[in-house]
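Thank you all for coming; I would like to take a few minutes to go through some side-chain contacts with you.

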Amino acid sequence: MDPNAILPPVFAMGLLTLVMLLWMYATRFPAMAKARIEPQDAADTSQLKRLPPEAVRVADNYNHLFEQPTVFYATALALAVSGQVDALHVQCAWAFVALRVAHSGVQATVNHVPTRFTLFSLAWLVLALMIVRGAIGVF
């Protein structure tokens with residue numbers, strides 16, 4: 001299989017991060033203005049606790065996209081470089097993206113923690129399969 005076949009899910013994750021960045025700007029800046037928090041005041045992040053939950057949830061999700069997904073990016077690119085891209089890895093990559101999109105949607109809206117935890121855990125299972133299969137191929 002073409003090693004580049006795993007790149008569309010990588011870019012899809014990047015697009016999700018971009019969407020969440022724009023959503024964060026669209027919620028956080030107006031919320032900061034309404035709460036009379038000047039941009040420099042946000043250097044003391046305790047000031048951001050005054051923001052409404054809907055603005056905080058979106059920002060939290062944006063930050064979370066730099067945690068688990070960074071392992072996905074590294075794994076997907078390592079699979080491509082090492083020539084280990086196959087149909088199962090590509091399916092896992094798309095499953096990871098779908099789970100993270102769902103996780104972002106839940107966290108940024110209803111923030112139902114049991115649902116978020118389930119989606120997070122399922123994403124880790126898919127990612128773990130990619131990691132283990134890739135490691136076996138390398139070692």
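Which residues form one aromatic cluster? They are Phe 72, Tyr 73 and Phe 96, and please keep in mind throughout that what we are looking at is a predicted model.

Let me take the aromatic rings as a group. A pair of aromatic rings is described by the distance of the centres and the angle of the planes. Counted in this way, there are four aromatic pairs, and one of them is formed by Tyr 25 and Phe 29, whose rings are stacked, with 5.0 Å from centre to centre and 15° between the planes. Both of these residues sit in helix α1, which covers residues 7-34, and they are four residues apart, or about one turn of the helix. Tyr 25 is partly exposed, at a relative accessible area of 39%, and Phe 29 is likewise partly exposed, at 46%.

A stacked pair is also formed by Phe 72 and Phe 96, with 4.6 Å centre to centre and 15° between the planes. This pair links distant parts of the chain, since Phe 72 belongs to helix α3 and Phe 96 to helix α4, 24 residues apart.

Now to the charged side chains. How many salt bridges does a search of the whole structure find? The search finds one, and the side chains that meet in this salt bridge are those of Asp 86 and Arg 133, at 2.6 Å from N to O. Because Asp 86 lies in the loop between α3 (68-81) and α4 (87-108), while Arg 133 lies in helix α5, the pair ties together parts that are 47 residues apart in sequence. Asp 86 is partly exposed, with a relative accessible area of 23%, and Arg 133 is partly exposed as well, with 26%.

Finally, I turn to the surface, where Phe 117, Phe 120, Trp 124, Ile 131, Val 132 and Ile 136 form a nonpolar patch, together contributing about 570 Å² of accessible area.

Notes. Residues are numbered from 1 along each chain as its sequence is written. This is a predicted model: local features need pLDDT of at least 70, side-chain atom pairs count only at pLDDT 80 or more; totals for chains, interfaces and linings use all residues. Side-chain values use heavy atoms; hydrogens and water are left out. Patches are made of residues with over 30% relative accessible area and no salt bridge: like charges are joined within 9 Å, nonpolar side chains (Val, Leu, Ile, Met, Phe, Trp, Tyr) within 5 Å. Accessible areas come from the Shrake-Rupley method with a 1.4 Å probe; for residues, only the protein chains shown count as cover. A salt bridge is a side-chain nitrogen of Lys or Arg within 4 Å of a carboxyl oxygen of Asp or Glu. Helices (H or I, at least four residues) and strands (E, at least two) are DSSP runs, numbered from the N terminus. Buried means under 20% relative accessible area, exposed over 50%, partly exposed in between (1.4 Å probe, protein chains only). Rings of Phe, Tyr and Trp (its six-membered ring) pair if their centres lie within 6.5 Å; planes under 30 degrees apart count as stacked, over 60 as edge-to-face and the rest as tilted.
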